[in-house]
Structure formats: C-alpha cells, structure tokens
Amino acid sequence: MGRDTPMLKHDDLDLRYKEFIERCPEYKTTLIIDELREREYPQLDREKHVYLDFTGGGLYSRSQLKRHIEFLECCVMGNPHSSNPISAFTTDIVERCRRRVLRFFNADPEEYAVVFTANASHALKLVGEAYPFGNSDQLLLCYDNHNSVNGIREYDRVRGAVTRYLPIVPPGMRVPEEMLERLLSEGGDARHKLFAFPAQSNFSGVHHPLEWIVSAHKHGWDVLIDAAAFVPTNRLDLGRHHPDYVALSFYKMFVYPTGVGVLIARREALEKLHRPWFAGGTITVASVQADRYFLAPGSEGFEDGTLNYTSFPAVEIGLDYLDSIGIELIHTRVTCLIGWLIEQLLELRHGSGRSLVRLYGPADTILRGGTIAINLYDAGGNTIDHLLVEKRANERKLSIRTGCFCNPGAGETALELTKMELDACFEHAEARMMLEEFRQCIDTKSTGAVRISVGAVSNFADVNIFLDFVKEFREA
Ligand SMILES: Cc1ncc(COP(=O)(O)O)c(C=O)c1O
C-alpha cells in the first residue's frame, strides 16, 4: 500500500487495498516504488499534494538534481560550435546523449538520427514545415491528435495538399480499423503522404496500435508518431516498430530538464525533409553575395542555433533513472491503478440510481495508458461543470486537469459536438474567439472534461483520495 497511506483517514482503506490487490496482484511487484517515492519525492507528501496530472508532466527526483549539479560542478562546458577543448568536450557530451536516447528506445544508430528540440511541438513543427507537400499530396491525421499535430495541416494547406481525418468512435474512443484501411488505401496519385497519429491519446489514454506503421508503409505513407503521452509509462521499441518520425518531450518522462525534446527520425526520412530556412549551426557554408547555402547533413541541419547544452547530462541522468526503475514496472503500476480507479468510478451512483461518472474511453485496461477523461453528472443527469470540479479539486491540493487538453478532436467526439454547431460558433466570432465565448456559444453542452492521469510514482492513496473526492458529488 505504501507507507504514506496510513495517514489517510479512510477506515476502509485497508479493505479496499486488499480488494485491489486481489484484482491486480502484479501491483505487489511495484512496491519498491513506494520507497522510491518517500526517498526521492519527499516534498509531494510533505506538502500534502495529490498529483494526478502525469500526462501534463512527470515529477523530478532528488537524485536527478543532485547528479546533474555534481556533473556541472566537476566539468567545464562551453558552446559546442568550435574546436577548443571545452567546446570539444561539450560536443562529446551532446553526441553521447544522442547515443543514449537511441539506446533507450532501442533504435539502430544506422537507421535513426536524433534531432534535439525544445519540446515535442517543436519536433512536430520541424516535420510539418519541411515535409515536401505539393499539389494532391496527402496528410492523414487522427481526431485524437494533439493540436501540435493538428497544426501541421496549415503547412499542407499552403502547399495544396489535402488533409483527411481518421475518426474515433465513442464510447471506446478508438479508430474503426476498416476506416483506417480505407483511408490508407485512398492515397491516390499523391507523391508524398504523411500519416500522423498519437501512440497514446492525451485525452482518453487510448493506445493507437503501432502495428499501423507497417500497414501505412505498405500503402506508401510516411508515418509520424506523436509519442509524447506514450513514452513516460510505456516501452517504445524502435527495433520492433519503424516509424519515420517520432516526437516527444523529456519533461513528460522525468521533468528535469524541461525545455528539451527530440525528433527521432529515420535517416532516410530526414533526408526527405526540405527546411524552409537555415540558421546558425544548421549549415556547412552560407554566402551573402553568392546567395547560396548548404544545409549540414543529418541532425545538425535541424538544430537551429545553440543547443541547450548544459541540460544534456541531465537528459542522460533522467533516462538512466527511468531505466533503473524499469519502464515495464512503471507500466504495471499505472495499469493496476487506473484499472481499479475506472472500476470504482463507474460503480458510483446517486440515490436516484443514476451514474455519477461518465467515462470517455475504454473501461478496461486493454491497449490503454494511465490517463482517463470523465465528466460528473448530478442526480438529474445534468453535467457538473468541469470548472467547478477543478475549483473544488484545487481547494484540496488535488492536481488534475480539465478542458480538452489541446485535443479538440477527441473533445468534440466525446462531448458530441457537431460540425454544424462548431461551424456556427466559428462563423459568429468576430476577430478572435476567446475560450469563454466558445463555452457560451456551445451553451447547452459541456465543452470540456476532467482528466486524471497517473504516473511512475502514483500510489494507491492518490487514486483513493480522488475517488473520495468524486463521492462528495454524490446525492442521496
Ligand atoms: C500527446 C501530446 N502531444 C504533444 C504534446 C505537446 O508537447 P509539448 O508541450 O512538450 O510540446 C503534448 C503535451 O501535452 C501531448 O500530450
């Protein structure tokens, strides 16, 4: 149960825990994480925080900070763009970090290159702005994409390509496979076709199968995986799956350092991209008078300006740290906790017999991660505003998230907002619509959901506290 749980004033907690372990005995193999939490994240329980926003960002451990400071204290690092000894040392660290990232994801360095970016959005933008879209080319997106993937459609529009969307279907929020097959086979005469989907939905937690990559390749598509929400608690094995491009942020995995992400790209796929500009660090030579430049080969051609180089030792430390726990162990823990929470939430009823909770996404733990999206309903069947739920949660130091989480397609699907309703809202907007105006425009419907996400160091007490919080909305 973890040593933190007895301080909770739940008489029946031991009983619940017993029941939980009967349902998910594998959880016991993860108990080492309770000790880790006590040692590495003492501020969490000391400050009485209940953190349930791991899809928003992970948490950093004490030892990560300590090891990074120790490294910086004993070494001298400087701008890597020259040959002086300090610069050369820094270049070695950067290159070592590239190799470490590839090793973590089991990617063959002959096949894949690592481009360091500021975050996942930056990695996605690098692909979007440089993918050689032309007339009749195609971009296939998924309703479940984050806005940082949706935004790629603006580049294809500019260049005359066509965007299509794969739908997701409630209540499970999965893509109908026959639709995927159809859209993949309808690539037509397009010379360049890019298919972008999230490995894990940041809305519902659904895992979209990585096996799609093979089908997409068979139909001549390049594949971009948004792995931002997937990699913190799941193994991404690039020795087994071979997407062309993968985008992610390290803060989602181990928080420290923030401000570093990667685009992991197949070397061949990187060659296919045509950057719309050049910058310091990305060229071999450039001339003002000759009005020419040559892009540097491989990763370098995509890394604008000076890298956040003092952070790279911390990236290695973060990856070592995750390896020391084991991503599979984290996955087991998260799966047990979220499975149990789903079951408990769905059992909650008002005195009237009506359900208190509506879940958007799979109600089991098959092909899903540790993220759930829900709404609460009163005894009369009306949605309880997610902003009210958030306000009450904030008062209890319960960190959850509400809204659509930058995933409008999943939000619109879950909340049953129609194209007609959405078109009307955008049509009536004058210059720029603010979120509050949008909420008023969709006045009779909910415009958001409540998201709870567990991560590496979540424990049984965290999900119980959330469960008890939800019970407070129950009417007799
Ligand atoms: C699935 C997914 N993709 C992309 C992003 C964007 O990541 P970042 O803000 O690090 O650029 C997020 C962030 O929440 C995400 O959850």
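Begin with the seven strands that form an open sheet, which follow the order β2-β8-β7-β6-β5-β3-β4 with mixed pairing; strands here are DSSP runs of E with at least two residues, helices are runs of H or I with at least four, and both are numbered from the N terminus. Two strands count as paired if DSSP finds at least two bridges between them. The model is a predicted one, in which local features need pLDDT of at least 70 and side-chain atom pairs count only at pLDDT 80 or more, while totals for chains, interfaces and linings use all residues. Residues are numbered from 1 along each chain as its sequence is written, and side-chain values use heavy atoms, with hydrogens and water left out.

Next, select the edge strands, β2 (112–117) and β4 (162–166), each of which pairs on one side only. From one strand to the next, the twist averages 20 degrees.

Within this sheet, select β5 (residues 193–198) and β6 (residues 222–226), which pair in the parallel sense over five bridges. Phenylalanine 195 has valine 223 of β6 opposite.

Move on to strand β16 (residues 449–453), where five of its five residues are buried, that is, under 20% relative accessible area with a 1.4 Å probe and protein chains only (exposed is over 50%, partly exposed in between). Ala449, Arg451 and Ser453 point one way, and Val450 and Ile452 the other way. In a regular strand the side chains alternate between the two faces of the sheet.

Strand β12 (residues 371–377) pairs with β16 in the antiparallel sense over four bridges, and isoleucine 372 stands opposite isoleucine 452. Strand β15 also runs antiparallel to β16, joined by three bridges, with arginine 401 partnered by arginine 451.

Finally, show the lining of the largest pocket, to which α16 gives the most, with five residues. By class, this lining has 15 nonpolar residues (Ala, Val, Leu, Ile, Met, Phe, Trp, Tyr, Cys and Pro), five charged (Asp, Glu, Lys and Arg) and twelve polar (the others, Gly among them).

Note on methods. Axes fitted to C-alpha atoms, helices over the stretch in contact; angles between N-to-C directions.
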